Amino acid sequence: MTPASQESSGWAEQRFAVVLAALSLAALGLRAWGLAELPLFADDVGVRVSAINFVERGRLGPTMWQHPHLRDLLVYFAVSLLGPGKIGLTAFSMLLGVLSVPLLGVVTRALFRSATAGLLAALLLGLDSLHIDYSRQAIQEVYLPFFTVAGVGLALWHRDRGRASPLLLAGACLGLAVASKWHALATPLVLWIWLAARAVKERAVPLLVFRTCALLLIGLAVYLATFTPYFSAGHSAGEWFALQRAMLAENIVHQGLSPADAFFEHRPWTWFIRPVGYADFAPGPEPVAVVAITNPLVWMLVLPAMGWVVMTGVRLRCERHLLLAALFLASYVPLVFVGRPIWLHTAHGVLPFALAAVAAAAARLASKARGRAVAVYLVAVVLASMPLYLLATGQGLRFAPLRPVAMSFRPPPNLER
């Protein structure tokens, strides 16, 4: 590399870092605005009680006992430091939600070798109303995008540099993802198949063993470690296995936590073909409605963009394109065919791969002398995000044009929680 090209590369790196930092600060501002004034919702209160029950007594529930319990550990720790109010309960959701924005930018750039794609992916996640909403709640939904994307990024680092430590960290991150929700299992399995296939092709048996241990066994060890309070309370290994079976049985047939859940869209096949949403209501003298609605200008482009990723991956034999497609399909397709309701917040396990595809497709168009069209598209995305942001942050009932939208998500009185 010549000195001129090194200087150009260094400037490009600095510009990428500066823009990514700006997007991250904007994401923080969007998620933090008005958070302290929000009331506690039913899930927030339930999570606080669940965290105390699990950490201090090794007991499960009352909130989402059927999911793993990293959330209880993190919430208990945050509440111990910051108090039992909204800030303490949502501290880790806020932290991991904000950090997911630059993380997705870096990993998308690595997948597509495009700084523009990385910055666009960070922008789309930073503006996403669903992600903003759940970055401000105590439940564990935004843990998944952070830990799964971190695992993917570290696995790519290992693949590119041949170093062992990134893959060990990837296994730990993916173990934390699975300790958030079992839906994350798709990511370590896809990564293991990808890396194991390369090791088999190279006839590198020690490398195959190492990659298997790093991704799967370390992940399992981390998952087990999150049950330390359960074992400390005197439960045996046999009881732990029985608990996992009970959790699995409940996850298979789960119908929601209240009759009101039946009112909301719960068919994953609709996520990327029309706008869908989910809402939480807090009663009181000034009722608050937090409504997350998908941005159609982004979400409805996911399937076409993913189709482009697959076609270019096959045509150009680009394994990274195909890896992203495999991560998306393995995370999304099982949800489409599962026989029980799946609500929109579960889409967080799919969202980073979906947005990476849309960002990469937009970056490709921009590189083919269609930059003006992409700029117009991004302006439209930002404008469409504004009312969605107000709804997602509990401001919908305060603005007359948005009030009917927010109230349309209120379940009938016979179904209200």
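Me: Which hand does the crossing of α5 and α16 have?

Reply: The crossing is right-handed. Keep in mind as we go that this is a predicted model.

Me: How do I describe two packed helices like that?

Reply: In general, two packed helices are described by the angle between their axes and the distance between the axes. Here, helix α5 (residues 115-127) and helix α16 (residues 351-367) have axes 8 Å apart, and they pack at an angle of about 130°. That makes α5 oblique to α16.

Me: Which residues of α5 and α16 meet?

Reply: On the α5 side, look for T116, A117, L120, A121, L124 and L125. They meet L351, L355, A356, V358, A359, A360, A362 and A363 of α16. Sorted by type, the residues of this contact of α5 with α16 are 13 nonpolar, one polar and no charged.

Me: Let me try another pair. At what angle do α4 and α7 cross?

Reply: Helix α4 (residues 86-112) and helix α7 (residues 143-161) cross at roughly 35°, and their axes come within 8 Å. This time the crossing is left-handed. From α4, the contact takes in F92, S93, L96, L99, S100, L103, L104, V107, A110 and L111. From α7 come Y143, P145, F146, F147, V149, A150, V152, G153 and L156. The contact of α4 with α7 counts 16 nonpolar residues, three polar and no charged.

Me: And how do α8 and α10 cross, left-handed or right-handed?

Reply: α8 passes α10 in a right-handed crossing. The axes of helix α8 (residues 165-178) and α10 come within 7 Å, crossing at roughly 40°. That makes α8 oblique to α10. In α8, the residues making the contact are L167, L168, A170, G171, A172, L174, G175, L176 and V178. Their partners in α10 are F210, R211, A214, L215, I218, G219, V222 and Y223. This contact of α8 with α10 divides into 13 nonpolar residues, three polar and one charged.

Me: On to rings. How many aromatic pairs does the structure hold?

Reply: There are 19 aromatic pairs. To read one, check how far apart the ring centres lie and how the planes are turned; planes over 60 degrees apart count as edge-to-face. Take F54 and F227: their ring centres are 6.3 Å apart and their planes stand at 85°, so the pair is edge-to-face.

Me: Where do F54 and F227 lie?

Reply: F54 lies in helix α2 (residues 42-57), while F227 is in the loop between α10 (205-225) and α11 (228-232), so the pair ties together parts 173 residues apart in sequence. Both F54 and F227 are buried. They also belong to one aromatic cluster, formed by F54, Y223, F227, Y230, F231, W240 and F241.

Me: Now the backbone. Which residues does a cis peptide bond join?

Reply: Go to G61 and P62, where omega is about 15°. P62 sits in the loop between α2 and α3 (70-82).

Me: What is phi of R113 near?

Reply: Phi of R113 is near 50°, a positive value in a residue other than glycine. R113 lies in the loop between α4 and α5, and at 63% relative accessibility R113 counts as exposed. R317 is another one to look at: its phi is near 55°, again positive in a residue other than glycine. R317 is in the loop between α14 (302-316) and α15 (319-337). At 77% relative accessibility, R317 counts as exposed.

Technical notes
Residues are numbered from 1 along each chain as its sequence is written. This is a predicted model: local features need pLDDT of at least 70, side-chain atom pairs count only at pLDDT 80 or more; totals for chains, interfaces and linings use all residues. Side-chain values use heavy atoms; hydrogens and water are left out. Axes are lines fitted to C-alpha atoms, for helices over the stretch in contact, and angles run from 0 to 180 degrees between N-to-C directions. Helices (H or I, at least four residues) and strands (E, at least two) are DSSP runs, numbered from the N terminus. Angles under 35 degrees count as roughly parallel, over 145 as roughly antiparallel, 65 to 115 as roughly perpendicular and the rest as oblique. A crossing is left-handed if the near helix is turned anticlockwise from the far one by less than a right angle, and right-handed if clockwise. Contact means heavy atoms within 4.5 Å. Ala, Val, Leu, Ile, Met, Phe, Trp, Tyr, Cys and Pro count as nonpolar, Asp, Glu, Lys and Arg as charged, and the others, Gly among them, as polar. Rings of Phe, Tyr and Trp (its six-membered ring) pair if their centres lie within 6.5 Å; planes under 30 degrees apart count as stacked, over 60 as edge-to-face and the rest as tilted. Buried means under 20% relative accessible area, exposed over 50%, partly exposed in between (1.4 Å probe, protein chains only).
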